[in-house]
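Please examine the sequence and the structure below before reading on.

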Amino acid sequence: MADEVIFEFLHMEMVDYVYREASKDEREQCISKLEALGFRVGQSLIERFTRESSRFKDELDTMKFLCKDLWNLVYKKQIDNLRTNHQGVYVLQDNKFKFLVQMSTGKQYMESAPKYLAFPCGMIRGALSNLGINCIVTAEVSAMPACKFQIQIQRS
């Protein structure tokens, strides 16, 4: 329990620090900085977490691992819903996303939500990158504290 609270406070402080230290001209780069931090954390987590595992048989198997195992490791719960169009687009839905639960009392915080989702987007992208899947990850919030992460696989 204590480690969950510490992780939440660390995340909130990290977001606050990045925005507080940025000048008005650098505000647009804050989301990118947070996403880059998440990318590096995702790479490290997946490297450590899959060290003893066998390789995944396909892309869908990798996404299931992300939704069940990795999400449980980081957020202490599984993703609530995984959808795909079988053409390289996956949507992960978390109905009570940990970083949005504390600020979900009203619509006034909807504009602040993206800065708290940049790190998790980067973490997903970093984890998948280390598993050999190049992708773009975006997040969407329509009703707090639920959010959807859309993963668009980049085929070359």
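What is the accessible surface of the protein, and what percentage of it belongs to carbon and sulfur atoms? In this predicted model, the accessible surface comes to about 9400 Å², and carbon and sulfur atoms account for 49% of that area.

**Overall fold**

The protein contains 5 helices and 4 strands. Along the sequence, these elements follow the pattern α-α-α-β-β-α-α-β-β. The radius of gyration of the protein is 15 Å, close to the 15 Å that the globule rule gives for 156 residues, so the protein is as compact as a globular protein of that length. Along its principal axes, the C-alpha trace spans about 45 × 35 × 30 Å.

**Interior and contacts**

Of the 156 residues in the protein, 39% are buried. Among contacts between residues at least 6 apart in sequence, 59% join residues at least 24 apart.

**Charged side chains**

The protein carries 21 positive and 20 negative side chains. The centres of these two sets lie 4 Å apart.

**A pair of strands**

A hairpin through 6 residues joins β3 to β4.

Notes:
Residues numbered from 1 in each chain as written. Predicted model: local features only at pLDDT ≥ 70, side-chain atom pairs only at ≥ 80, totals over all residues. Heavy atoms only, no water. Helix = DSSP H or I, 4+ residues; strand = E, 2+ residues; numbered from the N terminus. Rg over C-alpha atoms; globule rule 2.2 N^0.38 Å. Buried < 20%, exposed > 50% of the residue type's maximum accessible area, 1.4 Å probe, protein only. Contact = heavy atoms within 4.5 Å. Areas by Shrake-Rupley, 256 points an atom, 1.4 Å probe, with all protein chains shown as cover. Lys, Arg positive; Asp, Glu negative; His and termini not counted. Charge placed at Lys NZ, Arg CZ, Asp CG, Glu CD. Pairing = 2+ DSSP bridges.
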